[in-house]
Amino acid sequence: AALGYHGAVFACEEKEELNSSILFRPFDTMWGGSSGEWSFDLPKGESAVCVAIGGPPPQKADVDEVVTDAASVTTLVATSAGYIRIFSAAGLQRFIWQQGGQVISMAAGNHTAMIVARGPGAALGGYQNLTFTLIDLQTLATINQGSLPLPKDAQLRWLGLNEYDTPAIYDSRGVLSVLDG
């Protein structure tokens, strides 16, 4: 599951006769209440591994009015087939991206998403060999990519983006690292 400013996205793995499924539930009636809810069944043999939801926060226009950019909400689903499936606020699949490696975690912010996956080759000598890709949620262009800066014998515990879409990771040593630039 993942929480965003405007709703929550849930996923379940494939079980016997049931396909893996994605469900988005909006928080507010300005999204149409339950009518803003959508679901998507993945193809047989493909399971959701992790999910993320991003988009800008609602803005107060005046005392009684909240303005939201519903079209900017994006849901990302990493699957066991190595895909990142990207959905619009209405549940339409906008893009399928072939990641190439096993996705470990994802986080989405206002305008960007960070995807962490296993890198090529084996993890040796206590190093995790994890890579990250930072993408723009509107254009789906790669903004930055590289090796995740985890020291020897440290594991990734958390990743996220702040209100300025600056990616950050927290490791098992208690160190918070922020991608600058």
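Because the model is predicted, local features need pLDDT of at least 70 and side-chain atom pairs count only at pLDDT 80 or more, whereas totals for chains, interfaces and linings use all residues. Residues are numbered from 1 along each chain as its sequence is written, and side-chain values use heavy atoms, with hydrogens and water left out.

The chain contains 0 helices and 17 strands; helices (H or I, at least four residues) and strands (E, at least two) are DSSP runs, numbered from the N terminus. Of its 181 residues, 41% count as buried, where buried means under 20% relative accessible area, exposed over 50%, and partly exposed in between, with a 1.4 Å probe and protein chains only. Among the contacts in the chain with a separation of 6 or more, 41% join residues 24 or more positions apart; a contact means heavy atoms within 4.5 Å.

An open sheet may be considered next. Four strands form it in the order β1-β2-β3-β4, with antiparallel pairing; two strands pair if DSSP finds at least two bridges between them. Strands of a sheet pair through backbone hydrogen bonds, either parallel or antiparallel. At the edges stand β1 (2-3) and β4 (38-41), each with a single partner strand, so one side of each is left without a neighbour in the sheet. The partner strand β2 (residues 7-12) pairs with β1 over 2 bridges, and L3 has A8 in β2 as its bridge partner. S21 belongs to β3 (residues 21-26). Not counting residues up to four places away in sequence, S21 touches F10, A11, C12, F40 and D41. The C-alpha atoms of S21 and D41 are separated by 4.4 Å, although these residues are 20 residues apart along the chain.

In β10, W97 is the bridge partner of I84. Q99 lies in the loop between β10 and β11. Q99 is buried, with a relative accessible area of 16%, and it touches G82, I84, I115 and A117, not counting residues up to four places away in sequence.

Beyond four places in sequence, L76 touches C50, V51, A52, I84, R85, I86, M106, A108, A113, I135 and L137. In soluble globular proteins, nonpolar side chains tend to be buried together.

T74 lies in β8 and is buried, with a relative accessible area of 1%. Leaving aside neighbours within four places in sequence, T74 is in contact with A52, I53, G54, I86, F87, R94 and L137.

On a 1 Å grid over the protein atoms alone, a cavity is a set of points where a 1.4 Å probe fits but cannot get out, and a pocket is an open set with protein on both sides within 12 Å along at least five of seven lines; lining residues have an atom within 4 Å of a point. Grid points are joined across faces, edges and corners, and a volume is the space filled by probe spheres set on the points.

About 220 Å³ of space lies in the largest pocket. This pocket is lined by 17 residues, of which L3, G4, I53, A108 and G109 lie nearest its centre. β1, β5 and β11 are the elements that give two or more residues to its lining, and β5 gives the most, with 4 residues. A search of the whole structure finds 1 cavity of 30 Å³ or more. The largest cavity is lined by G4, Y5, H6, G7, I53, G54, G55 and V73.
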